[in-house]
Amino acid sequence: MKTLKDILYGVGLSAVSGSTSIMVSQICFDSRKVGKDDVFVAIKGLLADGHQFIDKAIASGAKSIVCEELPGKLDSGITYVEVDNGNKALAIMASNYYGNPSKNLRLVGVTGTNGKTTVSSLLYQLFKKAGFKVGLISTIKIMVDNKEYATTHTTPDALTINKHLQLMNDEGVEYCFMEVSSHGIHQKRTEGLVFEGAIFTNLSHDHLDYHKTFAEYRDTKKKLFDQLSKKAFALTNIDDKNGLVMLQNTSARKYTYALRSYANYRAQILENQFNGQLLKIDDNEVWSKLIGDFNAYNMLAIYATADLLGLEKLEILRLLSELENVDGRFQHYISKERITAIVDYAHTPDALKNVLDTINTLRTGNENVITVVGCGGDRDKSKRPVMGHIATALSNKVIFTSDNPRSESPTVIIEEMEAGVEPQNANKTLSIVNRKQAIKTACQLAAANDIILVAGKGHETYQETNGIREDFDDFKMVKELLANLNK
């Protein structure tokens, strides 16, 4: 247990009623989890306002309340603390509660629309191969050296982050690589963390249901770099037109990487095949098992980061050649009938275009590309016709289907994707609401040497409809269907 005063260190306080010298058992922002002597932080969320549950938290045993607005009636024996921003207060309190664990790690944040998971996961993989104890906080999972923990958000809540960073401290972890989403930044989940570096991958159309404008989305990403210290490094992709924006106003040491522009770190693609690509980095050739221009950028970002963290350059190149692809990121399977199935998390227009461009670059032209794709419900609707256009423009056949429709009608989502299909491409399309049936149909349509792309869900092992999650694994399903095609 710690005193409330110690936990509040660094939090901007507007008003205090009661003693801050009381002992605190746990920090909670969910009133259903409050216990005896806990501090309850009232958060104004998208779906609910924690201020409505202050009385419930007190009834459950909370002895202190942190909130943005003090209740009209203050209970005796309860300490009330008013703050400007509940999310920011929660993050700083969480860091204090767990002993500011990020200070004992070499923590690197990875942000951008696409590539966050690949870059962070492969940095974890590379530093493990180099012999270090390493941590990972990603969309797919949280790793505390060799121990895996489940995660539900790209950037978890501040308590979850700091709890696992403390576990990393306990295990002697030296490096940690962390995906940092725009939602996480906007909701202050990373406040109080000490980053040794930050990486910007790229920026394209996504999350405009949340951020409303592209400029707001971009500027939210930029805040990660704005908060870096002068001891940290800021690494950005300057082939992206927003790359240099990330470096504006940062106090950190500035570095750039690119395939097409002059930069501190540059790479060139010498060969590209379905089983990998040959890259030239710093005048040295290296074979990568990951294919496509987008993965050349990812590999270059990984190389640059490892160099900035002090690894020897030739050793980095050797380790790059050993890296395995991340689940759900251009993950492929070739059937006995020589049908290639590719599963990718591409759920944004830019990511879908990158994957299809890569496939079309590698194909001979005699085979068909059959794309199965949908768009998530309760998310940015404006990208749906754009993705419909891209899929049909770059494929021989497209099957529109469900992809986590959540509370929306999957039929309506598909119709909104179809709205982006140009007339000359209309005869390429099918619409099958049931995702399993859509993938099965793609397998039945495919002939020898054809390529099936199942896009959107990648590593996810569920399908969410009306609040219910059912088991669903794209890669497992397409392998099973192709294996049983002739049975």
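**Entry 1: Phe-225**

I began with Phe-225, which lies in helix H8 (residues 214-226); helices (H or I, at least four residues) and strands (E, at least two) are DSSP runs, numbered from the N terminus. I note that this is a predicted model, in which local features need pLDDT of at least 70 and side-chain atom pairs count only at pLDDT 80 or more, while totals for chains, interfaces and linings use all residues. Residues are numbered from 1 along each chain as its sequence is written, and side-chain values use heavy atoms, with hydrogens and water left out.

Is Phe-225 buried or exposed? I found Phe-225 at 0% relative accessibility, so the residue counts as buried; buried means under 20% relative accessible area, exposed over 50%, partly exposed in between (1.4 Å probe, protein chains only). I then listed its contacts (heavy atoms within 4.5 Å), leaving aside neighbours within four places in sequence: Thr-111, Ala-198, Ile-199, Phe-200, Ala-234, Leu-235, Met-246 and Thr-250. Thr-111 is 114 residues from Phe-225 in sequence, yet the C-alpha to C-alpha distance is 9.8 Å.

**Entry 2: nonpolar cores**

I looked next at the nonpolar cores, each a set of buried Ala, Val, Leu, Ile, Met, Phe, Trp, Tyr and Cys residues joined through side-chain atoms within 4.5 Å. The largest has 42 residues, and Leu-126, Phe-127, Ile-199, Ile-281 and Leu-320 have the most contacts inside it. Helix H9 (residues 293-308) supplies the largest share of this core, 10 residues. Apart from it lies another core, of 27 residues, and Phe-225 is among them, as are Ile-185, Ala-198 and Ala-232.

I also looked up Phe-127. Not counting residues up to four places away in sequence, Phe-127 touches Phe-132, Val-134, Tyr-175, Phe-177, Ala-306, Leu-309 and Leu-311.

**Entry 3: the open sheet**

I traced an open sheet of 11 strands in the order E11-E10-E9-E12-E8-E13-E14-E15-E16-E17-E18, with mixed pairing. Two strands pair if DSSP finds at least two bridges between them. The edge strands, each pairing on one side only, are E11 (147-149) and E18 (284-288). From one strand to the next the twist averages 20 degrees.

Strand E9 (residues 134-137) pairs with strand E12 (residues 175-179) in the parallel sense, over four bridges. Gly-135 has Cys-176 in E12 as its bridge partner. Helix H5 (residues 158-170) packs on the sheet, touching E9, E10 (142-144), E11 and E12, and its direction makes about 25 degrees with that of E10. Axes here are lines fitted to C-alpha atoms, for helices over the stretch in contact, and angles run from 0 to 180 degrees between N-to-C directions.

**Entry 4: cysteines**

How many disulfides does the structure hold? I found zero, a disulfide being a pair of cysteine sulfur atoms within 2.5 Å. Cys-176 counts as buried because its relative accessibility is 0%, and Cys-443 is buried with a relative accessible area of 1%.

**Entry 5: annotated positions**

The unreviewed UniProt entry carries the annotation "binding site" for Ser-31, Thr-154, Thr-155, Ser-181, Gln-187 and Arg-189. UniProt positions are given in the numbering used here, feature names are shortened, and annotations may be inferred rather than shown by experiment.

I examined two of these positions. Thr-155 sits in the loop between E11 and H5 and is buried, with a relative accessible area of 0%. Arg-189 is in the loop between helix H6 (182-186) and strand E13 (197-200), and counts as buried at 12% relative accessibility. Beyond four places in sequence, the contacts of Thr-155 include Arg-189, Ser-181 and Met-178. Those of Arg-189 include Ala-91, His-153 and His-183.
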